[in-house]
Amino acid sequence: MSTAETALPALSAPLSKVDFLHDYRLAWESRLASLAGRKEVFMGKAKFGIFGDGKEVPQLAMARAFQNGDFRAGYYRDQTFMVAIGQLTWEQYFAQLYANPDVEAEPATGGRAMNGHFATRMLDDDGNLTDLTQTKNSSADVSPTASQMPRLLGMAYASKLFRQNPELHQFTHLSNNGNEIAFGTIGNASTSEGMFFEALNAAGVLQVPMLVSVWDDHYGISVPAEYQTTKQSISAIMAGLQREGEGEQGFEIYVVRGWDYAGLVDTYQRAAAVCREQHVPVLIHVTEVTQPQGHSTSGSHERYKSKDRLSWEEAHDCLHKLREWLLAEGHATELELDEIEKTAAATIKTARTAAWAAFFDAIKAERDEAVVLLDKLVAETGTENTLHEMVEQLKVNPTPIRADIVRTMRRALRHVRNEKRSAGRRAVQRHLEQLLAENADRYNSNLFSQSEYAVGNIEEVPATFAADAPVVDAREVLQACFDANFQRDPSIFAIGEDVGKIGDVNQAFAGLQDKFGELRVTDTGIRECTIVGQGIGAALRGLRPITEIQYLDYLLYAIQILSDDLACLQYRTKGGQKAPLIVRTRGHRLEGIWHSGSPMGMILGSIRGMHVCVPRNMTQAAGFYNTLLRSDEPALVIECLNGYRLKERIPSNVGEFTLPLGRPEVLQAGTDITVVTYGSMCRIVMDAAKQLAEVGISVEVIDVQTLLPFDLEHMIVDSIQKTSRVLFADEDVPGGGTAFMMQHVLDEQGAYRFLDAQPRCLAAQPHRPAYSSDGDYFSKPNAEDVFDTIYELMSEAEPERFADIY
């Protein structure tokens with residue numbers, strides 16, 4: 001009910017007895033699945049369990065308002081809802097609990113996420129989006145609390161764009177005129193997170209169809225509401241969001257008890273209607289929810305809940321209350337309900353048994369196949385040895401896992417390493433290689449797209465320049481690039497702080513809002529986390545957002561979302577979902593602690609699954625944007641903050657030329673030393689190389705161009721083979737980006753074999769850059785630093801020729 005109402009609402013669309021009993025059956029199936037799941041964990045058949053018991057009835061009510069085309073971004077207790085909308089079977093539920101890596105058995109994550117993490121498969125076998133208007137859709141869950149909220153905002157925002165932008169009406173497989181609601185669920189304690197508040201504020205500003213349900217069971221693990229929420233009520237403290245009347249900005253806020261079936265059904269119908277029809281965001285605070293088994297299998301709630309609280313929870317259990325209501329209203333008899341509960345128990349037992357058999361029988365078959373080969377190896381070496389013991393242990397293991405099989409085979413081959421090579425040994429070796437490949441697919445695949453639109457499949461188109469190509473401020477190259485792409489593809493849009501009216505702080509979008517409209521070039525509030533989330537959700541739904549983070553340092557606000565959600569999306573769904581979001585930002589040289597950072601080590605370590613482009617100028621940046629906007633993979637593009645006013649020529653094919661990712665460029669050939677760098681450091685290194693040439697040192701300068709991927713063709717090792725010396729230079733802190741590049745070149749590419757001198761790294765000081773030109777000079781590598789480092793290396797080899805300077 002609305003916060004302003006006090007009376008219980010009547011059902012707006014009365015359901016039949018069949019509907020009531022259907023919901024009662026699903027509620028009991030879900031409860032029994034939770035109880036059985038906990039037992040499976042304690043029996044050692046699963047590693048961990050987190051369940052949706054106590055939330056069954058409100059989720060059934062929510063499911064009745066959920067329509068084809070709608071989307072969910074939720075909470076890891078939504079099992080009842082997922083079953084009710086037909087996107088989860090109980091066998092699949094247990095398959096996820098057991099971590100079955102077969103995507104047919106566990107379609108949400110292919111066994112990669114712990115139980116309770118739901119997702120629907122939105123891509124076909126070729127990696128293309130299916131008709132999302134004909135299915136009920138769930139975006140892939142994430143565990144970090146409230147992290148579903150930024151993406152939820154984006155999925156709701158997409159509905160606004162699909163409704164209000166006529167150019168998007170052609171995409172009928174993605175939206176039905178923007179009528180889709182983005183349903184979000186969250187626990188009461190998680191509403192303490194800043195992402196929750198940020199997302200709600202943004203939804204109120206944007207007026208998008210976002211319907212958020214808060215399951216309020218009073219606790220966040222052991223911490224009660226008095227430590228979590230002012231007034232112990234999220235609806236009370238968010239009351240200022242309530243709109244004044246129809247047509248006004250704001251939210252509709254409803255409060256309803258989690259055991260009140262009739263009130264819940266009616267509330268969700270009313271809330272969904274206003275959300276869907278008027279694009280008004282909605283907050284539903286579901287109070288008096290219980291959690292019968294506590295937070296998870298890692299502990300018992302009896303440790304922190306009082307006897308009075310436990311007694312209250314038992315009395316207000318939503319299943320017991322639903323039974324009371326059905327009997328009191330005459331919708332069912334005791335006998336009917338008893339029979340439903342009995343049938344539900346049998347259903348869950350059957351599903352659990354089938355899921356375990358499907359999971360474990362496959363492993364036993366793999367074990368038995370390996371044992372046959374290992375027995376032959378034992379027969380060749382005799383039974384009085386450690387090898388025989390290892391094989392027997394594997395053979396009698398009642399619950400082997402795949403790691404046991406592979407571990408035994410690897411150790412077996414280690415054991416016979418000094419024996420004469422035999423047919424048995426070769427058979428074990430071949431089988432081990434097969435198992436490693438199969439398990440690589442199970443556990444390591446799909447970090448990036450496998451479709452025809454993967455970055456590596458985008459055709460390379462060189463930039464062309466007319467003889468009279470205009471020389472302009474570099475930002476105009478980007479402006480022309482964006483202009484051309486916006487004309488080419490109506491699904492592309494850009495959002496960010498100051499992106500719209502003034503065309504971003506460096507003018508690369510100048511004039512484009514006037515040309516393409518506010519829906520496509522849009523200002524946002526200062527809220528980096530949900531700017532990125534807005535892009536993730538819209539990209540999930542088939543649009544092509546460019547989200548701008550004004551300065552690279554501010555990426556810290558959004559790095560968690562990029563890492564936990566976007567970067568691992570394709571991986572954690574095993575190719576079931578994708579969000580080709582481009583995050584645009586700028587950094588590197590300039591002055592100031594918070595406007596000139598280069599935290600590359602942090603970025604590279606946290607967003608594997610995204611591409612990271614570090615162009616040295618705006619023409620290079622334009623080539624990357626052209627490639628990425630034709631691809632279906634997410635990326636971060638870091639432009640040089642001090643490059644927008646430098647002069648560059650505009651390519652005649654500014655919106656069509658593409659640059660391959662993972663291919664460095666040799667900026668200057670040389671014979672004495674290879675310098676590997678990127679971004680604004682390229683100009684610093686080229687300046688130093690010119691000075692070094694004056695003293696007889698020939699420097700080969702390589703711009704890596706992208707850090708993820710990094711030098712796929714191993715061009716850098718070819719250079720080092722020629723020069724026998726290498727310097728890695730960038731503006732990150734010591735041990736950051738330079739260490740990343742060194743590991744790739746020396747370890748992965750094996751360049752250590754060709755070195756005649758110690759490989760060197762030149763990075764910034766281990767602090768943020770100080771303000772002013774002097775601050776820049778003394779905080780980050782300068783041309784003199786580059787000169788001195790290289791000169792010192794050459795002096796070690798030829799001290800007479802290169803005498804000490806200092």
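**Close-up 1. Arginine 649 over the face of phenylalanine 465.** Here arginine 649 lies over the phenylalanine 465 face, 4.4 Å from the ring centre. Keep in mind that this is a predicted model.

**Close-up 2. Lysine 45 and the ring of tryptophan 356.** In this view, lysine 45 has its charged end sitting over the tryptophan 356 ring, at 4.6 Å from the ring's centre. Tryptophan 356 also belongs to a cluster linked by ring pairs. The cluster is made up of Trp90, Tyr93, Phe94, Tyr98, Trp356, Phe359 and Phe360.

**Close-up 3. Phenylalanine 482 and phenylalanine 509, a stacked pair.** The model's aromatic pairs come to 26. In the one shown here, the ring centres of phenylalanine 482 and phenylalanine 509 are 4.4 Å apart and the planes sit at 5 degrees, so the pair counts as stacked, the cut-off being under 30 degrees. Phenylalanine 482 comes from helix α15 (residues 474–488), while phenylalanine 509 sits in the loop between β10 (492–496) and α16 (512–516), so the pair ties together parts 27 residues apart in sequence. Phenylalanine 482 is buried, at 0% relative accessibility, and phenylalanine 509 is buried too, with a relative accessible area of 1%.

Close-up 4. Phenylalanine 787 counts as buried at 12% relative accessibility, and tyrosine 791 is buried with a relative accessible area of 12%.

Notes:
Residues numbered from 1 in each chain as written. Predicted model: local features only at pLDDT ≥ 70, side-chain atom pairs only at ≥ 80, totals over all residues. Heavy atoms only, no water. Phe/Tyr/Trp six-rings, centres within 6.5 Å; stacked < 30°, edge-to-face > 60°. Helix = DSSP H or I, 4+ residues; strand = E, 2+ residues; numbered from the N terminus. Buried < 20%, exposed > 50% of the residue type's maximum accessible area, 1.4 Å probe, protein only. Lys NZ or Arg CZ within 6 Å of the ring centre and 35° of its normal.
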